[in-house]
Amino acid sequence: MAPADQPVLEGVPVIDASQFLAQGNAGMRPPQDVIDQIVDACSSWGFFQLVNHGVSQQLLDVHYAAMKQFFALPLPEKEACKRSKDNSMGYFNDEFTKQKLDLKEGFDFRHTPNPQQPDDHADNYDPQGVNRWPPSYPDFKPINQRYFTEMSRISFRLLEVIATGLGLQPTALHGLFEPSHTSFLRLNHYPVTPGAAPDSLGISPHKDAGFLTVLVQDDVAGLQVLREGVWHLVQPLPGAFTINVGDMAQVATNDKFFASNHRVLQSSSRPRYSRAFFFNPSHSVDIQPLQVEAVGDKVPHYRPINWWEFRSKRYEGDYANVGEEVQIEWYRVEEGVEAH
Ligand SMILES: O=C(O)CCC(=O)C(=O)O
Ligand SMILES: [Fe+2]
């Protein structure tokens with residue numbers, strides 16, 4: 001079905017961040033109604049759009065142009081930084097989601113705790129692997145690092161607002177991201193694929209594994225979120241961030257928050273580009289339901305999940321077509337919990 005035939009944005013909340021993110025207000029506690037809107041959106045849709053977030057449009061534009069320039073490189077130049085089974089960073093055009101080959105190409109790089117040092121320096125060790133960059137495009141790394149820094153800043157602010165909304169101190173959830181978060185940025189390019197089967201997808205339905213995703217889509221519609229059995233288009237809004245709950249936030253909130261299934265339609269008339277910042281815990285952290293009143297239930301619905309174990313199992317499934325992808329349901333302990 002073409003994007004135009006889908007229900008449009010019904011209910012995916014649009015939240016104004018000007019009172020806690022825009023210039024001058026960047027450290028402020030948002031008004032209670034904004035906190036409530038964020039918690040409600042995370043609990044119902046698992047998705048919301050954030051406007052007036054204060055990230056410079058100039059940075060978004062320059063980074064967008066760099067992403068397009070990278071994907072326009074000849075294939076051998078992109079493949080010069082291609083990812084491998086034991087290093088998930090770099091270029092790829094062979095991703096499987098739920099055992100279906102996606103109609104897209106992408107590029108991943110991760111947080112480096114000490115960006116002044118080379119990617120392969122001991123200070124920047126992370127079991128996800130070492131960042132790789134296209135040798136023929138030296139300006140690509142610095143612009144991506146600038147963009148990444150902004151995404152990290154936004155994510156930590158959202159984490160503070162979420163903690164506040166759960167009745168905690170603003171920094172109460174920071175420990176999940178220490179000593180160093182394992183966030184990564186994924187650039188996605190969905191080319192027009194004239195010969196593709198009509199039911200092929202840019203990305204098959206999936207949930208994001210981490211805590212939160214901060215996505216910037218371009219003006220080509222294609223992202224859909226599943227709610228109550230219906231796929232809803234997440235309408236591109238100029239300059240907005242699309243935020244979605246990941247599996248680890250669902251576990252930490254004992255199902256108060258909900259990681260929604262989402263997918264991307266194949267691009268039928270124009271290519272589509274998106275950038276997804278996956279805000280992910282520190283690799284050794286065990287994620288488990290918080291024992292706080294705000295998450296409602298005293299009985300934990302999940303066994304602790306080691307983030308690195310979960311992330312690496314998910315990558316194995318996406319890298320090669322091997323079996324079923326790991327899901328948080330595998331760690332659920334309680335029977336009879338109502339599914340959304
Ligand atoms: O391209 C998009 O709009 C969404 C991408 C996505 O869901 C992902 O990369 O996990
Ligand atoms: Fe996703």
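Mentor: We'll take the ligand, then the cavity.
Mentor: This is a predicted model, so local features need pLDDT of at least 70, side-chain atom pairs count only at pLDDT 80 or more, and totals for chains, interfaces and linings use all residues. Residues are numbered from 1 along each chain as its sequence is written, chains are lettered from A and ligands numbered from 1 in the order in which they are written, and side-chain values use heavy atoms, without hydrogens and water.

Trainee: Which residues come nearest to ligand 1?
Mentor: Tyr190, His206, His262, Arg272 and Ser274, out of 13 around ligand 1. Near means a heavy atom within 4 Å.

Trainee: How far is the Ser274 side chain from an oxygen of ligand 1?
Mentor: An N or O atom there is 2.6 Å away from the oxygen. The protein covers 96% of the 290 Å² of accessible area that ligand 1 has on its own (Shrake-Rupley, 1.4 Å probe).

Trainee: And Arg272, what's the distance there?
Mentor: A side-chain N or O atom of Arg272 is 2.9 Å from a ligand 1 oxygen.

Trainee: New topic. How much space lies in the largest cavity?
Mentor: About 430 Å³. A cavity is a set of points on a 1 Å grid over the protein atoms alone where a 1.4 Å probe fits but cannot get out; lining residues have an atom within 4 Å of a point.

Technical notes. Polar contact = N/O pair within 3.5 Å; in protein donor to acceptor, adjacent residues only side chain to side chain. 1 Å grid on protein atoms, 1.4 Å probe; cavity = no way out; pocket = protein on both sides within 12 Å on 5 of 7 lines; lining within 4 Å. Points joined across faces, edges and corners; volume = space filled by probe spheres on them.
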